[in-house]
Amino acid sequence: MGRGLGGRVTSGGSRDAVPGAGPPKMAVCIAVIAKENYPLYIRSTPTENELKFHYMVHTSLDVVDEKISAMGKALVDQRELYLGLLYPTEDYKVYGYVTNSKVKFVMVVDSSNTALRDNEIRSMFRKLHNSYTDVMCNPFYNPGDRIQSRAFDNMVTSMMIQVC
Amino acid sequence: MSPTQWDFPVELCCRPMAFVTLTGLDVVYNAVHRAVWDAFCANRRADRVPISFKVLPGDHEYPKCRPKRTSYEWYIPKGILKTGWMNKHLNLVPALVVVFYELDWDEPQWKEKQSECATRVEIVRQSLQGRNTKVAVVLIQKKTPLPPGEDVIASERAAALCNACELSGKSLFVLPHTDHLVGYIIRLENAFYEHAQTYYYTEIRRVKSHKEFLNKTTHQLLFVRHQFKIAFFSELKQDTQNALKNYRTAYNLVHELRAHETNILEIKTMAGFINYKICRLCFQHNTPLDAIAQFRKHIDLCKKKIGSAELSFEHDAWMSKQFQAFGDLFDEAIKLGLTAIQTQNPGFYYQQAAYYAQERKQLAKTLCNHEASVMYPNPDPLETQTGVLDFYGQRSWRQGILSFDLSDPEKEKVGILAIQLKERNVVHSEIIITLLSNAVAQFKKYKCPRMKSHLMVQMGEEYYYAKDYTKALKLLDYVMCDYRSEGWWTLLTSILTTALKCSYLMAQLKDYITYSLELLGRASTLKDDQKSRIEKNLINVLMNESPDPEPDCDILAVKTAQKLWADRISLAGSNIFTIGVQDFVPFVQCKAKFHAPSFHVDVPVQFDIYLKADCPHPIRFSKLCVSFNNQEYNQFCVIEEASKANEVLENLTQGKMCLVPGKTRKLLFKFVAKTEDVGKKIEITSVDLALGNETGRCVVLNWQGGGGDAASSQEALQAARSFKRRPKLPDNEVHWDSIIIQASTMIISRVPNISVHLLHEPPALTNEMYCLVVTVQSHEKTQIRDVKLTAGLKPGQDANLTQKTHVTLHGTELCDESYPALLTDIPIGDLHPGEQLEKMLYVRCGTVGSRMFLVYVSYLINTTVEEKEIVCKCHKDETVTIETVFPFDVAVKFVSTKFEHLDRVYADIPFLLMTDLLSASPWALTIVSSELQLAPSMTTVDQLESQVDNVILQTGESASECFCLQCPSLGNVEGGVATGHYIISWKRTSAMENIPVITTVITLPHVIVENIPLHVNADLPSFGRVRESLPVKYHLQNKTDLVQDVEISVEPSDAFMFSGLKQIRLRILPGTEQEMLYNFYPLMAGYQQLPSLNINLLRFPNFTNQLLRRFIPTSIFVKVKLSNFLLFKFKVLKTNRLLFHVNFTEQYFETNSDSFAFYYMYLAVLLFISIVTFYRI
């Protein structure tokens, strides 16, 4: 119940879960944000305060906006979609990624998870992007609607820390 | 302990400066001393050396120096750093004591003064017993000293004084009290500064010298202490680089200490101090990244050193302080010129500080929830004898005890209880809010609007916890719209929930209703049970009853709130609240839709209002009214709850006035538009929906325009994008998403039921009165009144056309410039059903080109709409494009009397003017007459009668005229001579008798007139006959003022014999004429070359025969004698030369010059017959 204890319990739990559960599960919150900055999809570890992650994702858009506007001048084809670390907090790291259609992906990772390198984050985002593209390809999906796809859900689950 | 226990001590946070005391100055009563002191301490600018001065009496007791320890072997330190140590070296133990003494070099009682001075120095030395503090003497002198070496007495006495005071020469100064006091003072303090630096240097050496006696087992604390001291002395010495280095070492040493629950606070406290110093120095050295790195390391190392679980809030307090202090340092550095960025600015540290403060509050809440009966322990375990702790970070009840085992668990318990009870009194919210507002200020600066909003939400929530609901509501209300506009409904719902609690607790009716409306709406993510609770409350409020309290509210606050609500009920006052919904997402949605984008004035305007409720239970509304830009329609579009008296109707409207969740309710309205509004837009400006009634409380939801709220535009966009097929609904039900708001419609005039025909014969001819017949026929069922015709050039075309187009109703007279281009509102009168009316219109177009003509017929008709009689104004218009062309082309040419083309004419010599009028009109033209108006310079040779009167020209036909003119010599006129005008009067052949004739004036071209010296004309018959005399007379006129010598010769021709002068030379006087008579005798028939007349003017060599030939004929037709001709013919017949014969006939026809022609023709016919008979034979 002490501050910080909660975080440790979660990450500790995940580490215990990893060996049996295949590839390491890493993110604590994954969000997809529309071009107009409203959430299309947001999921966080259920054990923790969901609202906290919502706020965290929302505030990270400040940095995303700033990065996008700075990037605006660069040529379209040279543009890097991965925005890198948006901002660090005491307990979490927030990473961002923006598609060419200005849909943003935000991923929150536990700060204690040092095993996670930039490259892994990048590839996770790429996987997410692919899955999102699949969602968009669904003729029954109306761009701009909240994402309610089981395939996408499963993909996100595979990237999230699993709590036993 | 004070609530500022966690604040860093002042002596840690200040910039350490060398401490120098000044003695012997009487700053109160001595003006000179006062001036000296002011010069030292007043207005110290940054460029002065960093020294802190203090005036003390000469006999001031300085802190005693502890006797030097010879061995550390048995010494066990009791703590890391004494609380008084920093202050001691900043403010108590000077680096230098300066003795001020008034003494001039020429002092008469020198000996006495010298020994008094020495005594004073001695007293100072006494009180500094054992310290390395330097002593210096400053002599305050009245006289300006001479340059060094010149004043022998001075140097002698100075040496003596130094000796007496046991001072080195470097420690004796002279301060002349003259005009340049500040300059002397600055030099003095620079010298003091050097002394101070030497002092601190020796202090550092002294502390370092202790090191070798220490051992790592018992003296761990001393390692840290000494290292800290060295660093601190370095700072005093202004050697910040070494200070930083030593602090870093000290920091590492702190973490090497063995930590235990009992000493963890001391370690953290010291670590915090040293970290603060390091960060501060890093910022000072402009290496902010080092500072940040150090801070991160510090936090990572200390984060988990929580210490006693019962006092874990202390750790959070400490953490919060660490972040806050770093934030302050960062902010300070920014003020001094450092640039921060969006992702690395002090705001993050304040935010984190606030976070730890919140955590502290949470822990304090759980750990310090002792019963009210638990008394604060007596005696106070937190009280110490001196009132302060000996060492930083130790517990007051076990100071200096290093053992990790608790010797007295009971005492420990009491101490902890005391701390917990103290913590209970801390106003955490205040701390949190301060930190949050610091962070907000920073994030505002670094373009983080969302972070700012988030922190403001936290502030609002904190105010809520602190029971300051007004401020809470203000903050929450301020940020709500940010979350709403970005569509973060989860966050918005959370904020709204808190806001609803605040408004409940304050019994703020309007806010309470507003937040309820939105929490019930589709943007809310609340569960249904919550929603139905809120809806129930809302209905209660509307019925003027108290709502149930919101869950999780403070019990005391709820009690107060319930009283407030009870007061609200009894309070009479305005109970109608109008809430504009465009800025939020209420639970009733509204869309207004006109059935059509435009309505004819003779049909009723119809529109639907769609309503949909998103709340969990059905809700009734009491009134719906629609407002328009023309407020006169408002009265027709109101649905109101039937009054109680009219119960029959009530049942009817019941269903209508009830909104069932999820069902779209459609309400149809219709009204008759006013005829004045034809051509105008009718717009729904607002829709008002009243919930509750006026006897209880009434809430009016006000939609601007045709409905829609903060979220609906995005929804409409999504719905428009969607390809989803909506499930089929029963009739008269619609899908909400498929309804598109149409908030305005146009009122257009009634459809006309008349026909307008135009009859005309295009194209129009320039300047003619072009006739346009307009036929209007009424197909209406009733009589139409006030029929008016507007006709003419359609407005909005080229402005020049307006000038050159004229319209009139009267074709009998030619219209001029004063006639308008458009005739407006020509009254035609009334028309009965089926009646037809014709109107002639004449248009005169002054220029060619195409024009658009408008024929516009308007009328009034009475009609009935919805049992309402209205007068409609209808109109019908026709447009026609008419091309205007020139009626004919006129070509004019000048030819000689021989019909040869002339490019110039010769003075006084007749020439011909030929006009050629080619009809270009597709319609037959009648040339009424033509007239040649000659310019004054031209004269006519014969009558100028028109030769084309009443000629009718079909398309492509032309009419030519020929006039013989003559032009007198006018000298050399540039550009030629004006000829005059050719005036043609004409009209269409088809035009009626009374249509005026149009006169077209054509300006004839100018002609170049040239003078010739000699004019020759010949008089000769039009033809000759073989072997018949042909008299020819040549007139030679001298046109010059000179006597002309003329050589004339006649060259013989084969076809002629002639008599007359063959060659002659003669003179012609000016202005006179010479006649030459010849008799030619033709020998051959046909066109024959006349014997050519050659004239040679001796004075005018360029008068050539070429020119001459223009005037006189060169050949003549010679006919055969009739008898000879017939003989010849027969001979031809005999020779059967048919071909020749035919040729001959043809040639013969060409000679039709006069009445002989008939005769010849007759012969020819004869001849022809004979030829034919010959062939038959």
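Buried area is the accessible area, taken with a 1.4 Å probe, that two parts lose on being put together, summed over both. By that definition, about 3100 Å² is buried between chain B and chain A, and carbon and sulfur atoms give 54% of this area. Do keep in mind that this is a predicted model, where local features need pLDDT of at least 70, side-chain atom pairs count only at pLDDT 80 or more, and totals for chains, interfaces and linings use all residues. Residues are numbered from 1 along each chain as its sequence is written, chains are lettered from A in the order in which they are written, and side-chain values use heavy atoms, with hydrogens and water left out.

**The interface of chain B and chain A**

- Chain B brings 34 residues to the contact and chain A brings 29, where contact means heavy atoms within 4.5 Å.
- Three salt bridges cross the interface, each a side-chain nitrogen of Lys or Arg within 4 Å of a carboxyl oxygen of Asp or Glu.
- B:Arg450 and A:Asp65 form a salt bridge, with 3.0 Å between the closest N and O atoms.

**Helix α8 of chain B**

- Helices here are DSSP runs (H or I, at least four residues), and strands are runs of E with at least two, numbered from the N terminus.
- Helix α8 (residues 240-256) has 17 residues, so at 1.5 Å a residue it should span 24 Å, which agrees with the 24 Å between its end C-alpha atoms. The expected span is 1.5 Å times one less than the number of residues.
- Among the buried residues of α8(B) are B:Leu244, B:Tyr247 and B:Val254; buried means under 20% relative accessible area (1.4 Å probe, protein chains only).
- The buried residues of α8(B) pack against α7 (220-236), α9 (264-284) and α10 (288-302) of chain B.

- B:Arg697 sits in the loop between β14 (681-692) and β15 (698-704) of chain B.
- B:Arg697 is buried, its relative accessible area being 0%.
- Beyond neighbours within four places in sequence, B:Arg697 has contacts including B:Leu509, B:Glu545, B:Arg568 and B:Phe577.
- The side chains of B:Arg697 and B:Asn544 are joined by a polar contact of 2.9 Å.
- B:Met543 is 154 residues from B:Arg697 in sequence, yet their C-alpha atoms are 6.0 Å apart.

Note on methods
Buried < 20%, exposed > 50% of the residue type's maximum accessible area, 1.4 Å probe, protein only. Polar contact = N/O pair within 3.5 Å; in protein donor to acceptor, adjacent residues only side chain to side chain.
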